[in-house]
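Student: I am new to this one. Please take a close look at one part for me, starting with the pockets.

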Amino acid sequence: MLKLIFDTNALITSCKFYVGGLPVIKYIAERCEIIISHSVNEEVVSAGGRYPNAVVAKELIREGKIGVRTVSFWDYDVLDRYNLGKGEKETIVLAVEMGGEVDFIVTDDRLAYVVIDRMSIKKLLFLDLIVELVERNLMDLELAKSIINAIGLRYPEGFIYHTLKILERGDRKCLK
């Protein structure tokens, strides 16, 4: 089972879109351990309380399908200079604190992705998480394609098209 830390935008995306009558996050939670920082919880659940995605996240947290952790390190000197949101900063700090316990941070925030990369922390875009689950035989191909198509409105066309090609061919470098 993969252990993942979701940031705010990945959590919102996975709670907002549905496949087969279920939010995408439920399919992920069946296959992975999901952890969010306290700040991501506040941004998604508390601040967005009336949004449907916040209701889904709150339910999964209550059921123990999403774990919420508080970070103990509060000196964000380097991270503060990037102008990241509090949720993204805490997500990165949580990954550093948990070290090898975590397989990936899942983010779709471009700046956070670059910062995470510079810190040599393993990360995935949400679309690449779906690919990873298929590659590890944790999700079947048809469900993965359905998820990619369901969340298609959230991403530029190139990301969706490329992800579907990767899934079909098993080749990340495919050009056609």
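Tutor: First, the term. On a 1 Å grid over the protein atoms alone, a pocket is an open set of points where a 1.4 Å probe fits, with protein on both sides within 12 Å along at least five of seven lines. Lining residues have an atom within 4 Å of a point. Points are joined across faces, edges and corners, and a volume is the space filled by probe spheres set on them.

The model is predicted: local features need pLDDT of at least 70, side-chain atom pairs need pLDDT 80 or more, and totals for chains, interfaces and linings use all residues. Residues are numbered from 1 along each chain as its sequence is written, and side-chain values use heavy atoms, without hydrogens and water.

The largest pocket has a volume of about 190 Å³. Its lining includes Asp108, Asp109, Arg110 and Tyr113. Leu125, Leu127, Arg154, Tyr155, Pro156 and Phe159 also line the pocket. The lining has 6 nonpolar residues (Ala, Val, Leu, Ile, Met, Phe, Trp, Tyr, Cys, Pro), 4 charged (Asp, Glu, Lys, Arg) and no polar ones (the others, Gly among them).

Phe159 leads on to helix 10, residues 157–169. Helices are DSSP runs (H or I, at least four residues), numbered from the N terminus. Helix 10 has 13 residues and reaches 18 Å from first C-alpha to last, close to the expected 18 Å. That span is 1.5 Å times one less than the number of residues.

Gly170 follows helix 10, with a positive phi near 70°.

Key. Helix = DSSP H or I, 4+ residues; strand = E, 2+ residues; numbered from the N terminus.
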